[in-house]
Each structure stands twice: as C-alpha cells, then as structure tokens.
Amino acid sequence: MEHEGYMAQALALAREAAAQGEVPVGCVVVRDGEVVGRGRNRREATQRTASHAEMEAIADANARLGTWRLDECSLYVTLEPCPMCAGAIVNARIRRVYYGARDEAMGACGGVLNLFMERFPSTPALVGGILAEDCRAVLRDFFAGLRQKSDSLGDEADI
C-alpha cells in the first residue's frame, strides 16, 4: 500500500473522532505493510491529556506486537505531532513519520520546532504533506462546525 493509502486509513479514524466530538486526528502504525496500531483523539471521552491519536496508536501497536520497541514501524498521522507525541515517537524508536497537515500552533516536527532534529540516540525520518489538503479540510470543517454551534447558542442567548 502506498503512503496515501495509510493516510486514508488515518483520515477515516480522524472522521470517527470528529463524529464523537473530538478534534479530528487519526493515526496508524505500520510494520512490514501491515497496520499494527490504530488511534484517534479521545481526550474528551477519556478526560486524559495523553489520549492523542499518536499515543493511542502507539499503545495499540505495543499491545499487538508485545514490545515497546517500534523500530521497524512507520507512523502515519493526519496532523503534525505535538511535543508530547513527538517525544513518544522518539522513545518508541519509530523509524519514519508521515503527517498530513502542518500544525503551526503545537507542531513539534517543524510547525513550531522540530524535535526530530535534536541529538537523541534515535530520531525518525520525517515526511509531511501526505494528503495534506484532505487532512486540513477535516480539521477546518470540524472547527467551522464548532464556531457555528457557538454562534447559534449566542443568538439564542440574545432572545
């Protein structure tokens, strides 16, 4: 499967997150052409800071593979990882990271800083922009919907 195919799977998870009222970010972990970890944002459902898509996908891969070392794996995520997730990626020894949309507010792979350029013993190769417009559109539509809800609630309050 090509990179776009794995990112499409991550996008499907992002859409599931949006349908549950979560910020729409999805992630898959791949080893030898097989998806071994899946995750999507679940912070609202779990009320846990660490319930980001990447953290969920890494935990799923750890459980499925029976190891914390994911050095033979690649990670596909719809939004550039934040510092917490980039740190988990480094610690898991993930070989490659592919992301869709850049995150200018919290991105730790170039959006704000690039944690993978630091002198850690193991850092992944990084490729951004995979299905970037589709990834941005899911986020844009989600936040537009939130603004619309907020505006309509404000209108009702004025009555």
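The questions and answers below go through the calls made on this predicted model.

User: What kind of model is this, and how are residues numbered?
Analyst: This is a predicted model, where local features need pLDDT of at least 70, side-chain atom pairs count only at pLDDT 80 or more, and totals for chains, interfaces and linings use all residues. Residues are numbered from 1 along each chain as its sequence is written, and side-chain values use heavy atoms, with hydrogens and water left out.

User: How many helices and strands are there, and in what order do the elements run?
Analyst: The chain has 5 helices and 5 strands. From the N terminus the order is α-β-β-α-α-β-α-β-β-α. Helices (H or I, at least four residues) and strands (E, at least two) are DSSP runs, numbered from the N terminus.

User: Why is Val-25 called buried?
Analyst: Buried means under 20% relative accessible area, exposed over 50%, and partly exposed in between (1.4 Å probe, protein chains only). Val-25 has 5% relative accessibility, so Val-25 is buried. Val-25 sits in the loop between helix H1 (3-19) and strand S1 (26-31).

User: Which residues does Val-25 touch, leaving out those up to four places away in sequence?
Analyst: Its contacts include Ala-14, Ala-17, Arg-40, Ala-53 and Val-77. Contact means heavy atoms within 4.5 Å.

User: What distance makes Glu-80 and Arg-102 a salt bridge, and where do the two residues lie?
Analyst: Their closest N and O atoms are 3.6 Å apart. Glu-80 is in the loop between strand S3 (73-79) and helix H4 (83-92), and Arg-102 is in the loop between strand S4 (96-101) and strand S5 (125-127). Glu-80 is buried at 2% relative accessibility. Arg-102 is partly exposed at 41%.

User: How many salt bridges does the whole structure hold?
Analyst: The search finds 7. Another one of them joins Glu-56 and Arg-42, with closest N and O atoms 3.6 Å apart.

User: In what sense does S3 pair with S1, and in what sense with S4?
Analyst: S1 and S3 pair antiparallel over 5 bridges. S3 and S4 pair parallel over 5 bridges. Strands pair if DSSP finds at least two bridges between them. Arg-31 stands opposite Cys-73 in S3. Ser-74 has Arg-96 in S4 as its bridge partner.

User: What is the handedness of the crossover from S3 through H4 to S4?
Analyst: This β-α-β crossover is right-handed. The term applies if, with the strands pointing away from the viewer, the path from the first strand over the helix to the second runs clockwise.

User: Why is the Tyr-76 and Tyr-98 pair called stacked?
Analyst: Rings of Phe, Tyr and Trp (its six-membered ring) pair if their centres lie within 6.5 Å; planes under 30 degrees apart are stacked, over 60 edge-to-face, and the rest tilted. These centres are 4.5 Å apart and the planes meet at 10°, so the pair is stacked. Tyr-76 lies in strand S3 and Tyr-98 in strand S4. Both are buried.

User: What makes the Phe-142 and Phe-143 pair edge-to-face?
Analyst: Their centres are 5.2 Å apart, with 80° between the planes. Phe-142 is buried at 12% relative accessible area, whereas Phe-143 is partly exposed at 33%.

Technical notes. Salt bridge = Lys/Arg side-chain N within 4 Å of Asp/Glu carboxyl O.
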